[in-house]
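Here is a friendly walk through a multi-chain model, written for someone who likes to see the geometry laid out. Have the viewer open as you read.

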Amino acid sequence: MAAFTYAPAIVLLPFVSFLVALFLGDRMPKGGALAGIAATGGSLALSIWVALTVAGGGVYNEFVYTWVAGIESVTLRFGLLLDPLSALMLLIVTLISFLVHIFSLGYMNDEDETGLPRYYAGLGLFTASMLGFVVANNLLMAFMFFELVGLCSYLLIGFWFREDGPPSAAKKAFLVTRFGDYFFLIGVVGVVATFGTGLFAPITEGGEVVAQSFPVLAEHAVVDGETAGIAMLDTVGLGPQAWFTVLGLLVLGGVIGKSAQFPLHTWLPDAMEGPTPVSALIHAATMVAAGVYLVARMYGFYAISPTALAVIALVGGFTALFAATMGLVKQEIKQVLAYSTISQYGYMMLALGSGGYIAAVFHLTTHAVFKALLFLGAGSVIIAMHHNENMWDMGGLKDKMPVTYYAFLSGSLALAGILPFAGFWSKDEVLYEALIHGLGSEGGLATSYIVAYAMGLLAVFFTGFYTFRMVFLTFHGEPRTDTARDPHGVRWNVKGPLAVLGVLAATVGFINMKPVAELTGAHIDFLHAWLEGPEEGGWPAALVTDSHHYGELLHDVAGVSAGEPLGSIGTLLASAAVSLALAVAGAGLATTLYRGPDPVEHTDKLGSLKTLFMHNYYQDEYQVWLATGLTYPLARVMDKFDQGVVDGVVNGVSSVSLFSGQRIRRIQSGVVSNYATLLTLGLVLLLAAFGIIGGWF
Amino acid sequence: MVMVAALLAITLLGAGVVMLSPDRYAGKLAAAVSAVPALLSVYMYWAYLTQFEGTGNALLQPGDVAFGQQIPWIDFGGLTISYYVGLDGVSMPLLALTTILTTLAIVSAWTPIDERQSQFYGLMLFMETSLIGVFSALDFFLWFVFWEGVLIPMYFLIGVWGGPRRKYAAIKFFVYTNVASLVMFAGLFALVFSTDLTSLALPAMAEAFRSASGLPTVFGMNLLTLSFILMFFGFAVKVPVFPFHTWLPDAHVEAPTPVSVMLAGVLLKMGTYALLRFNFTMLPEVAQQLAVPLAIVGVVSVIYGAMLALAQRDLKRIVAYSSISSMGYVILGLVAFTPHGMGGATFQMIAHGLISGLMFMSVGVIYNVTHTRMVGDMSGLADKMPWTVGIFVSAAFGYMGLPLMAGFAAEFLIFQGAFDAATLGSAAPVLTAAAMFGIVIVAGYLLWAMQRTLFGAFNLETDYTVSEAPFHDVAPLAVLLLLVIVLGVNPDLSYEMIQNSILPVIDLGGGA
Amino acid sequence: MIPVESYLLLSAAVFCIGLFGILTRKNALIFLMSVELMLNAANINFVAFSLQHGNLTGQVFTLFTMALAAAEVAVGIGIVLVLYRNFSDVDVTIPTTMRW
Amino acid sequence: MVTQVAPLQMAALPGWTALAPVLALAVTALVLLLVDSIDPDTTDTSLLAGISVVGSLVSLALAVWFVVGGTGIPTGQGGQGTPVLFNGQLVVDQLALFFMVIVGSVTALVTLASYDYVREHSYQAEYYSLVLLAATGMSLLSATNSLASAFVALELVSLPSYALVAFLKKNKGSVEAALKYFLIGAVSSAVFAYGISLVYAATGVLRFDAVATAIESGVLQTVVDGSVQAQAGEPAVTMSILGVGILMVIGGVAFKTAAVPFHFWAPEAYEGAPAPISGFLSSASKAAGFVLAFRVFATAFPIQALIADGGALNWVVAFQILAIATMFIGNFAAATQETVKRMLAYSSVGHAGYVLIGLAALSSSGEGLAFSLSAGMAHLLVYGFMNTGAFLFIALAEYWGVGRRFEDYNGLGREAPLACAAMTIFLFSLAGLPIGGGFFSKFYLFSATMNVGAWSLAAALVINSALSLFYYSRVVKAMWIEEPDGEDRVESYPTGLYTAVVAAAVATVLLVPGFDYVSSVAFRAATLL
């Protein structure tokens with residue numbers, strides 16, 4: 001297990017590159033880019049090594065650092081959990097980050113941007129934090145790095161701080177996600193308070209569990225009724241399942257924020273203000289995936305709560321459809337991609353909610369590849385177009401920049417979900433899972449699954465449409481502007497990453513061709529095996545994070561069961577056929593509408609819907625109103641109250657005393673006779689008072 | 001051990017020397033003088049970590065107090081007052097915070113303070129003396145001497161070198177906090193005389209109050225409760241807690257920046273420190289009876305302060321109100337009576353001391369350059385002074401509770417400790433969650449302020465060229481930022497000793 | 001012999017007459033005389049009760065009082081003189097430069 | 001923690017030597033008169049001032065020596081015994097010596113400061129001798145043990161004071177002040193005398209211990225060659241007459257201590273009088289009034305006995321009323337003054353209210369007297385330095401021709417930092433901040449109120465000291481914070497005044513660490529009563 005001893009270096013290398021770039025960047029060639037490339041390259045290599053080790057059946061779950069040593073109270077530690085899931089995520093993150101670093105040479109350095117050290121420092125810090133989040137073995141550590149990636153996102157979105165847009169977008173991104181993280185934090189505190197640990201997977205020594213994980217504890221509490229040690233339940237006065245559902249939903253708040261799910265999705269489109277490589281890395285492939293990854297990471301905790309599952313599925317399905325519709329009418333290429341990203345993460349949530357753990361991870365993987373590809377392709381186009389992102393100013397670029405075109409096409413086919421590109425396999429599996437579990441389960445769960453499935457299915461059509469609308473507008477037809485006629489060229493450092501990802505986008509789907517596997521009976525659903533682990537013993541027994549166990553939990557506890565009216569094969573093929581057909585239909589419609597030398601805008605046909613889509617369902621408006629229209633005025637009122645009433649009382653006391661002082665000194669009239677009078681009066685009063693008390697007269 | 005005496009003597013004599021020194025050298029001289037106690041206290045800190053492993057609470061185990069010294073002083077009509085000092089895990093970090101922050105504040109004053117320097121720096125050192133005394137005194141009257149002694153330099157520092165409304169702010173701070181001290185004194189002494197105390201040493205008091213019985217009923221409530229309330233008021237003004245906070249924004253806004261640094265960084269901690277020492281260590285039962293109302297006070301302060309910060313335009317006012325908010329967390333943590341709750345509250349004193357000091361200092365550095373603190377008067381400063389702005393942004397995120405910075409550690413521990421606090425019962429999760437919402441609001445106003453002032457196209461009408469601040473302005477910021485990060489990455493540097501000294505208090509309450 | 005209460009009444013009456021004079025008259029000299037009356041009221045008590053109690057303490061005290069009264073008048077007259085020099089009047093209600 | 005020095009053989013000396021501090025002052029006064037009669041129009045200020053300073057210092061030194069030597073402490077307690085003189089008319093106990101110390105030190109300060117202040121005036125010898133005579137009266141007053149000697153000593157204090165206030169006889173203010181002081185004083189002493197006569201009527205005696213015996217036993221007493229005896233067959237004490245008498249005695253001491261309702265003279269007298277005299281009256285004369293009050297009510301009118309008898313006058317209640325009224329009237333009036341001197345005058349009234357707590361902070365059954373008395377004594381001693389110092393600073397300002405109003409002090413700190421620093425110490429110490437002994441003495445009083453749970457007194461103290469902090473800091477603000485308006489006003493630094501002010505400041509500061517000695521001596525003295 002030598003790989004695991006070096007595993008921390010995966011996180012630390014990019015952090016070092018962050019320090020190097022920040023403090024030495026402007027004294028280095030390429031402003032610190034090389035440091036970043038070297039670091040991420042190293043991390044990539046180590047990740048591969050780790051992945052291989054995991055493939056060899058080895059897993060690792062240890063504490064490496066004690067953050068707060070609690071005395072007579074919970075101790076808070078950092079630790080690494082390296083199992084198939086995190087190993088896979090490590091690969092994704094390091095790979096994309098590595099490619100993005102290279103791409104940035106073309107996108108930033110060649111464009112003579114200023115502040116490159118800041119840029120590469122940001123990338124380095126982000127990569128480090130993201131990797132830290134991925135390997136985290138407990139909820140608190142995950143939350144901390146979750147926040148750190150948020151910071152990096154803020155810094156990188158706001159990279160061009162001299163303009164007005166980016167800082168505002170950065171603020172919005174951090175604020176909206178922070179709102180989600182607020183619930184996440186409550187969830188973290190709640191989990192630790194409830195179970196006394198935030199561990200995702202139990203830590204074992206020689207087969208003995210030395211530190212139990214909270215999903216397992218929760219499972220025991222719900223399944224075996226072992227609630228003795230959980231004092232929190234009495235405090236809140238809820239049953240275990242209910243309370244765990246509450247906790248799960250609280251954590252979900254952070255997920256919805258980071259993975260840009262409805263209603264906290266509004267920050268992501270604005271985040272496109274950042275440099276395109278950043279969008280590719282952070283806002284498509286990795287950070288946005290953090291939310292989904294978190295749910296997958298602690299899936300055992302959600303799997304025992306049907307309510308949470310239903311919510312996740314519904315949110316996912318709705319977001320998938322909702323975002324896709326908005327993507328239909330956008331004119332900037334990156335906007336289209338942004339909404340498609342939201343939509344795609346909706347699919348992953350749908351999968352997780354509807355018991356498709358593997359499907360979700362699968363789609364997470366493929367999406368990371370092809371969406372990074374699409375963004376980088378868009379980046380290349382943007383370079384060519386001198387940073388003009390409006391697709392209506394493009395056109396006919398495919399001959400000028402073939403590499404970009406074909407890579408982009410591959411990514412688009414994947415996104416649209418066309419056979420045999422990656423997206424097809426994963427998206428199909430997602431929908432399949434939703435369908436069969438919707439058919440198989442009972443009650444509200446089933447209903448919500450079916451509804452979610454329907455929305456997801458409909459979204460497939462829109463996805464196909466907006467994807468190919470984008471492709472045609474950008475690359476096909478006649479160039480519509482001079483820049484499009486004579487685009488700025490791009491160099492190897494742009495083409496290289498595109499090529500790599502282009503190939504991957506076409507092929508990565510093959511890691512889990514479930515339909516083929518079912519048909520041929522050949523065991524080629526590698527990802528399935530990867531996440532399922534060996535039948536008994538091995539890492540699943542140790543970590544209890546295998547999809548097989550999740551399946552049992554879903555079935556036994558949450559009551560998620562599969563129903564296949566047309567038999568397993570039939571149902572499988574049917575669902576595949578439906579989704580593929582819809583995707584093709586969407587693509588076809590786009591083709592008919594936007595093919596040809598000079599396409600025209602058809603969005604007006606949508607009528608009032610167009611305005612609705614264009615304004616993103618007025619989501620931003622109401623959220624901005626909540627901030628500036630409601631909270632800020634309230635704050636003003638409270639300020640008035642503070643100045644007027646609270647402080648007014650304080651000042652009032654002093655003015656009253658001074659006023660009474662003014663009155664009192666008037667007694668001193670200056671006339672000595674009055675003094676004698678008052679003196680006598682005082683004496684007489686005392687005499688009278690005491691005389692009456694003492695009964696002298 | 002005469003360590004504490006040495007600290008007091010050096011700063012006091014230094015104050016005298018600096019006062020008499022010519023203005024030209026006063027700043028450098030003061031920095032040099034204040035460096036001595038700073039280094040000394042760092043050494044003491046190190047010694048504490050290495051030699052006094054697991055030292056208990058100074059009030060509850062006076063036996064193993066560090067750097068202790070006791071000399072009988074005054075016979076006060078049958079009550080013995082003594083020069084009695086000593087440190088434990090609670091006071092040691094606060095002492096180090098005081099000395100370090102004073103040195104940095106003095107350095108940061110070189111630029112803005114341009115008249116009557118010798119008096120200014122002399123008073124700063126005099127204030128340091130009092131603060132050291134407050135955190136190290138273990139005899140009530142000695143402590144009270146220093147507690148009141150802080151007012152005098154503060155009055156002048158605000159009144160002489162402050163902003164336009166400095167006179168109002170100074171006298172308000174002066175009288176308001178003095179009234180608070182008097183009320184607190186009344187509450188405490190009502191108890192002192194109702195027990196058979198012969199000495200005013202804090203440990204003796206703690207002992208006597210806990211075992212006090214058969215106390216009279218005054219104004220319809222047990223004397224213990226009455227005293228607790230009076231003392232709480234006395235300290236709540238200093239903290240400050242809603243609704244006794246209104247002196248703070250004025251004082252902060254009018255005070256010169258180095259003074260604001262001390263005010264937010266250390267003076268507010270006097271209040272929470274005293275709450276912990278007196279109300280929560282001496283009267284734990286009452287504290288637990290009143291836990292829920294007190295927690296509500298804390299939560300209200302958190303939200304109220306944050307909301308008010310949202311309404312401000314003056315950067316200093318923003319930080320001032322957010323200090324109220326952060327201090328609210330401390331109250332919440334204290335009433336929890338759990339290790340992480342009380343420990344986190346104490347740690348928050350350190351963390352907030354560093355971070356708010358850092359915030360005020362960076363605001364001050366920006367002000368030195370731009371001569372305005374108003375959000376909206378300026379924009380795009382990041383263009384002109386990247387390092388200052390970089391540190392400012394880091395400080396702001398530290399204030400928002402960014403992980404791996406001290407603020408997050410403190411706030412998380414408080415939340416963790418309060419969430420299942422037995423003293424709060426089933427209200428605990430709700431109150432904690434409510435308090436947590438502060439982290440959203442704080443992000444709101446700080447991000448908004450940063451966007452308006454630091455980013456966007458540079459715009460500021462000046463008749464000089466705006467450029468990066470001098471090194472001696474930025475250096476203190478860097479040091480503080482470093483400390484914030486170090487404590488955020490490894491809280492146990494302070495938190496371990498804090499816990500060791502807090503646990504006895506919790507055992508009193510029967511909490512945890 | 002005359003009951004001691006009547007002495008008390010007499011002295012009280014004298015005392016009140018003196019007080020009345022002080023409260024009503026503005027002339028500094030009459031003010032002084034009124035004070036003399038009040039002191040003598042005290043003296044009446046002393047003498048009366050000295051006889052009543054049969055010890056000489058009271059009578060001794062009376063001597064003191066007389067002497068002191070004389071001294072007081074001496075100082076008083078002096079002050080009245082400077083008063084007259086500065087305010088050219090002996091009306092005690094005129095000097096009101098200092099008040100409030 | 002009171003350290004005993006080499007015990008002087010009191011037994012060896014004749015009893016009257018115990019009065020040495022008083023005699024020192026008296027002799028000095030006579031010497032001054034002698035000098036004057038030798039050279040009637042002498043203007044050798046340094047000689048006159050020198051003599052008086054030396055005289056008062058001697059008296060101070062003797063008093064301190066006796067205190068330390070243990071005079072007034074019963075031999076049983078390792079002391080030298082308590083000399084009782086003139087058939088118990090005078091008693092030199094620790095209480096008396098304590099106040100002799102106060103009087104001596106204040107007199108020294110005042111005469112030292114007068115060196116510059118009265119230099120330009122004629123009749124300096126008379127001035128100094130009058131000061132010394134008044135001081136003699138005060139020292140004597142602190143030793144009186146009988147209403148008779150008390151009355152005489154009181155007048156010995158008053159008569160020179162009237163003259164001193166009127167010393168600037170060409171100055172309308174001075175004369176007006178003297179007039180008011182004198183008239184109120186005359187009335188008050190008449191009331192006092194009448195009160196004494198009634199007490200005599202009720203008890204048949206004037207000696208404090210005898211009066212106490214009479215009240216406790218309910219039987220008329222008489223004193224036959226020094227020993228108190230009951231007069232058999234005589235009617236018991238009539239509580240009504242005694243009560244009226246006690247009330248009028250309260251009036252008498254209220255006048256001396258400038259307590260409501262006999263305080264009306266104080267603002268004018270302090271404002272109009274020469275500043276050193278204002279300091280002298282507001283510190284030493286007030287202290288003298290209080291020592292009388294303390295002694296009379298602690299020894300002559302035993303509170304337990306009075307409370308035990310339903311019809312009797314519970315003077316604790318009376319003093320509680322007076323204390324609260326005095327605090328409020330003094331401080332609230334001071335808060336809104338325009339002139340610094342008058343503000344100090346009112347604040348001095350307010351402080352009389354604080355010290356009255358010494359007699360007011362007793363439990364309903366009359367316990368706690370020792371504690372509260374010692375608090376009052378300690379406060380008076382500290383007050384002797386800080387208040388005198390403050391008035392001497394006013395004298396300095398008048399010497400410089402700085403105006404009387406607060407604004408006139410603007411920026412004075414730039415021109416005379418040392419003196420202004422001293423003034424700051426005085427003011428903050430008066431306000432009860434821990435820069436001077438006033439901090440301890442005030443909180444001593446404060447704790448005295450809590451000692452017996454007198455919440456009303458405590459509340460009054462809180463409100464008023466907060467207010468006092470406000471108006472004292474007005475002066476500080478003017479001196480240090482406000483900008484000076486133009487021309488330099490300080491051209492010379494008078495030696496005498498400066499020495500006095502600085503000495504007072506040093507003493508005030510040193511009383512922080514040295515408060516132990518004051519409080520323990522005071523407490524012992526109070527317990528010995």
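## About the model

Please keep in mind that this is a predicted model. The values in the report are computed from it, and the totals for chains and interfaces use all residues.

## Chain A

Let's begin with chain A, whose secondary structure comes to 30 helices and 4 strands. Its C-alpha trace spans about 125 × 65 × 55 Å along the principal axes.

How much of chain A is buried? Of its 697 residues, 61% are buried.

## Chain C

Chain C has 3 helices and 0 strands, and from the N terminus on its elements run α-α-α. Why does chain C count as more spread out than a compact globule? Its radius of gyration is 17 Å, whereas the globule rule gives 13 Å for 100 residues; the value for chain C is well over that, so the chain is more spread out than a compact globule.

The principal axes put numbers on the outline of chain C, with a C-alpha trace that spans about 50 × 25 × 25 Å. Buried residues account for 44% of the 100 residues in chain C. Among the contacts in chain C with a separation of 6 or more, 46% come from residues 24 or more positions apart.

## Where chains A and B meet

Which chains share the most contacts? Of the 5 pairs of chains in contact, that place goes to chains A and B. Here 45 residues of chain A are in contact with 48 residues of chain B. On the chain A side, β1 (60-68), α5 (139-157), α6 (165-195), α8 (232-236) and α29 (619-665) each supply at least two residues.

Of the elements on this side of chain A, α6(A) gives the most, with 14 residues. By class, the residues of chain A that touch chain B comprise 27 nonpolar, 8 polar and 10 charged.

## Where chains C and D meet

Chain C has its own partner in chain D: 31 residues of chain C are in contact with 37 residues of chain D. The helices α1 (4-24), α2 (28-53) and α3 (57-87) of chain C each supply at least two residues to this side, and α3(C) gives the most, with 14 residues. The side of chain C that touches chain D divides into 21 nonpolar, 9 polar and 1 charged.

By contrast, chains B and C do not touch. The nearest C-alpha atoms of chain B and chain C are 25 Å apart.

Which residues make the contact? From α9(A) come Thr245(A), Gly248(A), Leu249(A), Leu252(A) and Ile256(A), while α14(A) brings Thr307(A), Ala308(A), Val311(A), Ile312(A) and Val315(A). Sorted by class, this contact of α9(A) with α14(A) has 7 nonpolar and 3 polar residues, and no charged ones.

How values were computed: Residues numbered from 1 in each chain as written. Chains lettered and ligands numbered in written order. Predicted model: local features only at pLDDT ≥ 70, side-chain atom pairs only at ≥ 80, totals over all residues. Contact = placed C-beta atoms within 7 Å. Nonpolar A, V, L, I, M, F, W, Y, C, P; charged D, E, K, R; others polar. Rg over C-alpha atoms; globule rule 2.2 N^0.38 Å. Buried ≥ 20, exposed ≤ 12 C-beta atoms within 10 Å, placed from the backbone.
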